Amino acid sequence: MSDKYAVIGNPVAHSKSPLIHAEFARQTGHDIAYTTIFAPLDGFRAEVLKFRDAGGKGLNVTVPFKHEAWNLVGAHAGYALDAGAVNTIKFIDGQMVGYNTDGIGLVRDIQDNLKYPIQGRRVLLMGAGGATYGVMHPLLSEHPDTLIVANRTPDKAVSLVAHFQKFEKFAINGISARPYSQLSDTKFDLIINATSAGLSDEMPPLPNDIFAADVLAYDMVYGKTTPFLRFAQERGARSADGTGMLVEQAAESFFIWRGVRPQTAPVIARLRGEG
Ligand code: NDP
């Protein structure tokens, strides 16, 4: 019988994870069945336990359950220790171990696929939700020059930066939270949109003139040209959507569960309609 995996979320029907993991399984010759689980907003725990008790081997966790998953699992590993958010669960003898592969996915896409080294860059990270928590430590581990976090609700950015204060020295000139209205005196090399604004065709209120000459504008939302990506393209900036991150974080989950690394490039190409 195939080993059972799934992505759990609300909503979840749109998820590309079943397609990505089916492709990884085909590539590596692993026999897995990967499905979607829709959990009611008050029913995450019950659905996870039901899946585990039915012999499930692992889960991906998506919106809005990543914080709840962090609280549910019995142990945290890797970047999940600090993230306060879990996107991957591995069941080991009935125990649940939580991981966070979002940041690894983002960093691999930016550095390995897009060939844009993060070290020494002035980084602006927009948003202070689950995705931002997941990518802070991995981004800081690449030793940017600075990491500034901006969020529509400024207090959440302040809390987030306080949460990661112990990693402040990883950035050459430190980390800080700043309202969007106070960004215009700085130029950024790497601007990452970790907000969900693009899903509703909106963009954070960025000042006009914060793009450095060699800037990369990255939107975690995938499969569409968001207003932020259009804003960047209109200014001649290099830009990328979150398709590569999506596939890279999935590949890291697959590695955690199965112990082998699938190839990501053909899957990214396929999702972009190029493969
Ligand atoms: P959350 O719901 O936890 O957080 C959403 C964030 O977006 C908040 O900071 C919120 O600000 C901000 N926001 C929402 N609308 C606007 C707006 N109109 N203008 C400015 N800010 C806005 O979501 P997640 O952090 O989990 O995910 C964020 C995005 O990243 C999602 O779109 C998700 O699809 C994508 N993502 C992509 C991944 C990939 O692999 N490519 C992986 C993980 C996430 P406020 O605090 O003020 O409400």
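In this predicted model, and leaving aside its neighbours within four places in sequence, Gln 249 is in contact with Asn 87, Thr 101, Asp 102 and Gly 105. Gln 249 belongs to helix α9, which covers residues 243-258, and because its relative accessible area is 9%, under the 20% cut-off, Gln 249 counts as buried.

In soluble globular proteins, nonpolar side chains tend to be buried together. Here the largest nonpolar core has 31 residues, and those with the most contacts inside it are Leu 106, Ile 110, Met 136, Ile 192 and Tyr 218. Among the elements that give two or more residues to this core are α5 (102-113), β7 (122-126) and β10 (188-193), while α6 gives the most, with 5 residues. Once its neighbours within four places in sequence are left aside, Leu 106 is in contact with Val 135, Leu 139, Ile 192, Tyr 218, Met 220 and Met 245. A second, separate core of 20 residues includes Ala 77, Tyr 99, Leu 246 and Val 267.

The model also has an open sheet of 6 strands, with mixed pairing and the order β2-β1-β3-β5-β6-β4. Since β2 (32-38) and β4 (75-76) each have a single partner strand, they stand at the edges, so one side of each is left without a neighbour in the sheet. Strands β1 (residues 3-9) and β3 (residues 58-61) run parallel and are joined by 4 bridges, and Ile 8 stands opposite Val 61 in β3.

| Helix | Lies across | Angle |
|---|---|---|
| α1 (residues 17-28) | β1, β2 and β3 | about 170° to β2 |
| α2 (residues 44-53) | β1, β2, β3, β5 (88-92) and β6 (95-99) | about 175° to β1 |

Conventions: Residues numbered from 1 in each chain as written. Predicted model: local features only at pLDDT ≥ 70, side-chain atom pairs only at ≥ 80, totals over all residues. Heavy atoms only, no water. Buried < 20%, exposed > 50% of the residue type's maximum accessible area, 1.4 Å probe, protein only. Contact = heavy atoms within 4.5 Å. Core = buried A, V, L, I, M, F, W, Y, C linked by side-chain atoms within 4.5 Å. Pairing = 2+ DSSP bridges. Axes fitted to C-alpha atoms, helices over the stretch in contact; angles between N-to-C directions.
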